[in-house]
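Hi,

Here is the structure I promised to pass on.

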Amino acid sequence: MMQFLGMFRHARTIHAQGLTKEMFVSLGRNAVSARDVYAQGGLIVMAEGEARNRNQLTRALKLSYDASMSLITARAYRTWGADYPRRLEGNVVTAVIDRAEDRMIVSSDRAGAIAVFYAWRGRSAAFASHPELLLKMGAAGRRIGRDGICELFALGGYFSPGRTAFRDIRQLEGGCVLVADSRGMRIKRYDSCVQAALKDEDVPFTLNDYIKTLPQREYALLLSRGFSEKMAKPLRDRTGAVLYHHVSRDRDETEELSGKLNAPVEAVSAAPQALIEAIHENVIATGFPGTGAEEAVIYSVMKEASGVNLTPIIGGEGVFALESMTEGNLLRFLKRDIYEKIDAEGYARDRLNEIIDKLHLPMDAPGGEEWAERIAVCYSSAGEYVRRLRLISDHVGCGCFCPIMDERFLRNMLSGLLDNACGRAVKKYLPAYEKAIIEEMRLLLDSEDQPVFELVDVKAAAREMNAESADVSALSRLIAINSFLYRYEVEISGL
């Protein structure tokens, strides 16, 4: 399981020791724990992931071809200073603590595929691969307030960029650097996939280009109505792949897909109880409740693939479809007095405008505000989507590939959005899933001390559960929120 953490000018570094199984290096009030750490003099450096351009980097920095990523990062910092993240390509997260300069730098990858959570108190800062690590090392509190409730209930299962439900914990966005020094803490953007896509200066990076970069191994490809179908033939031709299709209530398309692709397609569906367990496991894997049953299905497929030594590839264009930030929200379940206090719709609109401002989207482009909203929502949900995929696959114990984890493909997809907007398909679940989710919700309602009911109107949840066409996706997310509140002993304040 991939884990890393770091603390800068923190009095509680001793509390970070032993929280991961990785190497732990401390220097005064600074500490780093990761699989790949380099330390020399007053410098502690870590790297997680692998730079796509490592060969060019080792030549430019006069290092051997087999140098560790942390050593490459240390030499890059010594050579290019705090601007070094611009030189790294691919899915790699780095951190540098320089005691001589009294400075910490943490960089994310451009696509935001590897999750980095951080917290700060006064002049000290901490970062980690999972929010639970920040809580355990005492770097952050467990409180959520008005903003946290809005994040949980108003944004359709995703979080707005840079934010989490916890008041004290943030996420580092893709293409950004966190800098902490004597002047305080700040976030700088070193690259933007959106701006690169708008400039359209590079040759488009296609799906076939992406497939050619994949390691030679056996894959499990989850077929959906997106670009995963387009991946099937070239992936099978190049490396071989087992094709999976998740059976939905609409119809079993397995035979149709098999004929279309001229290849055998495995129909998969999780046992109902396994789906319920996966909803809870996803909260543990990612640290936060997500899209409920949809994530549970992905978790189940990943687990099945890893059980037969296949590497999952998850694709789909749904994350790039035009959607409202408040689509599929859970606001109707909130208690009336809480709903009136938080102004969730206003909060969601503020976050959307914040994204548009940060990405410097030109409002005078064709389509104006609608165009900017489409780009902003798709870009932000893409980053959240790939981070969660990585965290889930890591929790299952397998690698995972997704085209939009590669910033070149993400840029290509974003440029394609300029003239292409489509509605988001709503997934329908098997009756056995619906029955299992409703039964789980019934168990929650029968209990008097579940934490979710501090926020949710029990009668509203019961009405949805007993409706002829119950929204099982919404109910599954309520179950996940309850699991989150319970597991992390969340404190609700400020209402």
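This is a predicted model: local features need pLDDT of at least 70, side-chain atom pairs count only at pLDDT 80 or more; totals for chains, interfaces and linings use all residues.

Residues are numbered from 1 along each chain as its sequence is written, and side-chain values use heavy atoms, with hydrogens and water left out.

Helices (H or I, at least four residues) and strands (E, at least two) are DSSP runs, numbered from the N terminus.

Two strands count as paired if DSSP finds at least two bridges between them. Strand β5 (residues 43–49) runs antiparallel to β6, joined by 7 bridges, and isoleucine 44 sits opposite isoleucine 97. β6 also pairs with strand β7 (residues 103–107), again antiparallel, over 5 bridges. There, aspartate 98 faces arginine 103. The β6–β7 hairpin has 4 residues between the strands, and aspartate 102 takes a positive phi near 50°.

Axes here are lines fitted to C-alpha atoms, for helices over the stretch in contact, and angles run from 0 to 180 degrees between N-to-C directions. Helix α4 (residues 146–154) and helix α12 (residues 344–359) have axes that come within 10 Å and cross at roughly 85°. That makes the two roughly perpendicular (65 to 115 degrees; under 35 is roughly parallel, over 145 roughly antiparallel, the rest oblique). Arg146, Asp147, Cys150, Glu151 and Ala154 of α4 meet Ala344, Tyr347 and Arg351 of α12, where contact means heavy atoms within 4.5 Å. By class, that is 4 nonpolar, no polar and 4 charged residues. For the classes, Ala, Val, Leu, Ile, Met, Phe, Trp, Tyr, Cys and Pro count as nonpolar, Asp, Glu, Lys and Arg as charged, and the others, Gly among them, as polar.

The axes of α12 and α13 come within 9 Å and cross at roughly 90°, so these helices are roughly perpendicular too. Among the residues making this contact are Leu352 and Ile356 of α12 and Ala372 and Val377 of α13. The class count is 8 nonpolar, 1 polar and 3 charged residues.

**Cores**

A nonpolar core is a set of buried Ala, Val, Leu, Ile, Met, Phe, Trp, Tyr and Cys residues joined through side-chain atoms within 4.5 Å. The largest has 137 residues, and Leu134, Met137, Phe153, Ile404 and Phe484 touch the most other members. Its largest share, 13 residues, comes from helix α13 (residues 368–396). Another core, of 23 residues, lies apart from it and includes Phe4 and Ile114.

Isoleucine 481 lies in helix α17 (residues 472–487) and is buried, at 2% relative accessible area. Leaving aside neighbours within four places in sequence, isoleucine 481 contacts Leu152, Phe153, Pro289, Leu330 and Val452. The C-alpha atoms of isoleucine 481 and glycine 292 are 9.1 Å apart, though 189 residues separate them along the chain.

Serine 393 is in helix α13 and is buried, at 3%. Not counting residues up to four places away in sequence, serine 393 touches Met302, Cys398, Gly399 and Cys400.

Cheers

Notes. Buried means under 20% relative accessible area, exposed over 50%, partly exposed in between (1.4 Å probe, protein chains only).
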